[in-house]
Structure formats: structure tokens, C-alpha cells
Amino acid sequence: MIEKIPFLHRKRMYNIIVQEDISFDALHHIIDVLIDQGAFYSEMDVSDLYTVMYGDMRYTVGVDGIDIMIVNA
């Protein structure tokens, strides 16, 4: 079941949209990588896709404003 979960990271709120279970450590890592790549500071109003590795897992991550959709790649 797809869920939309409010998630606080570094004093900023994000909406996590995920179908499968994911650990808090993985979520924090993914958001840190997205921040480092400038995913939340795009000047264009377009959703972007990113590939993020965490351990041996590869995730495809879509970012649209504060909404983050995460799927196992």
C-alpha cells in the first residue's frame, strides 16, 4: 500500500511517498543525498528523478517540492 508520511529532517518537513518499508536511516541518507544534489532548490517547477544507493539497495527517487517518492530500483 502506498503511504504518504510526513517526515522531519534537519528541521524541515518533507512528505515521503513510499510503497515498501524503509528504515529511518535510509530515509535520512536519501534526503541528505538529495540536499547535496540540490534537489530542493530547482528553479524550474518540474519533478526530477534521482538514483540513490544505500547499502546494497538502489532507489529511484522522485522529487516535487517537498514531496519525495521512493521506489526500489
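This is a predicted model: local features need pLDDT of at least 70, side-chain atom pairs count only at pLDDT 80 or more; totals for chains, interfaces and linings use all residues.

Colleague: In what order do the elements of the protein chain run from the N terminus on?
Modeller: The protein chain has 1 helix and 5 strands. Read from the N terminus on, the order is β-β-α-β-β-β.

Colleague: What radius of gyration does the protein chain have, against that of a compact globule?
Modeller: The C-alpha trace spans about 30 × 25 × 20 Å along its principal axes. For 73 residues, a compact globule would have a radius of gyration near 11 Å, and the chain agrees with this, at 11 Å.

Colleague: Which residue is the bridge partner of Met-53 in β4?
Modeller: Strands β3 (residues 48-54) and β4 (residues 57-64) run antiparallel and are joined by 7 bridges. Their hairpin has 2 residues between the strands, and Gly-55 takes a positive phi near 65° there. Within β4, Met-53 is bridged to Arg-58.

Colleague: Which residue takes a positive phi in the hairpin of β4 and β5?
Modeller: β4 also pairs with strand β5 (residues 67-72), in the antiparallel sense, over 6 bridges. One of the bridge partners in β5 is Met-69, which faces Gly-62 in the pairing. The hairpin of β4 and β5 has 2 residues between the strands, and the residue with a positive phi, near 70°, is Gly-65.

Colleague: How many aromatic pairs does the structure hold?
Modeller: A pair requires ring centres within 6.5 Å. The number of aromatic pairs in the structure is 2.

Colleague: Are the rings of Phe-7 and Phe-24 stacked or tilted?
Modeller: The pair links distant parts of the chain, with Phe-7 in strand β1 (residues 3-9) and Phe-24 in helix α1 (residues 24-36), 17 residues apart. Planes under 30 degrees apart count as stacked. The centres of Phe-7 and Phe-24 are 5.9 Å apart and the planes are at 10°, so this pair is stacked.

Colleague: Is Phe-24 buried or exposed?
Modeller: Buried means under 20% relative accessible area, and exposed means over 50%. Phe-7, at 8%, counts as buried. Phe-24 has a relative accessible area of 60%, so Phe-24 is exposed.

Colleague: Are the rings of Tyr-14 and Phe-40 stacked or tilted?
Modeller: Tyr-14 lies in strand β2 (residues 12-18) and Phe-40 in the loop between α1 and β3, 26 residues apart. Tyr-14 is buried at a relative accessible area of 2%, and Phe-40 is buried at 12%. With centres 4.9 Å apart and planes at 50°, the pair of Tyr-14 and Phe-40 is tilted.

Colleague: Which element gives the most to the lining of the largest pocket?
Modeller: The largest pocket has a volume of about 150 Å³. Its lining includes Phe-7 and Phe-24. At least two lining residues come from each of β1, β2 and α1. The element that gives the most, with 3 residues, is β1.

Colleague: How many nonpolar residues does the lining of the largest pocket have?
Modeller: Among the lining residues are Ile-5, Ile-16, Val-18 and Leu-27, together with Glu-3, Gln-19, Glu-20 and Asp-21. By class, the lining has 3 charged and 1 polar, and the number of nonpolar residues is 8.

How values were computed:
Residues are numbered from 1 along each chain as its sequence is written. Side-chain values use heavy atoms; hydrogens and water are left out. Two strands pair if DSSP finds at least two bridges between them. Helices (H or I, at least four residues) and strands (E, at least two) are DSSP runs, numbered from the N terminus. Rings of Phe, Tyr and Trp (its six-membered ring) pair if their centres lie within 6.5 Å; planes under 30 degrees apart count as stacked, over 60 as edge-to-face and the rest as tilted. Buried means under 20% relative accessible area, exposed over 50%, partly exposed in between (1.4 Å probe, protein chains only). On a 1 Å grid over the protein atoms alone, a cavity is a set of points where a 1.4 Å probe fits but cannot get out, and a pocket is an open set with protein on both sides within 12 Å along at least five of seven lines; lining residues have an atom within 4 Å of a point. Grid points are joined across faces, edges and corners, and a volume is the space filled by probe spheres set on the points. Ala, Val, Leu, Ile, Met, Phe, Trp, Tyr, Cys and Pro count as nonpolar, Asp, Glu, Lys and Arg as charged, and the others, Gly among them, as polar. The radius of gyration is taken over C-alpha atoms; the globule rule is 2.2 Å times the number of residues to the power 0.38.
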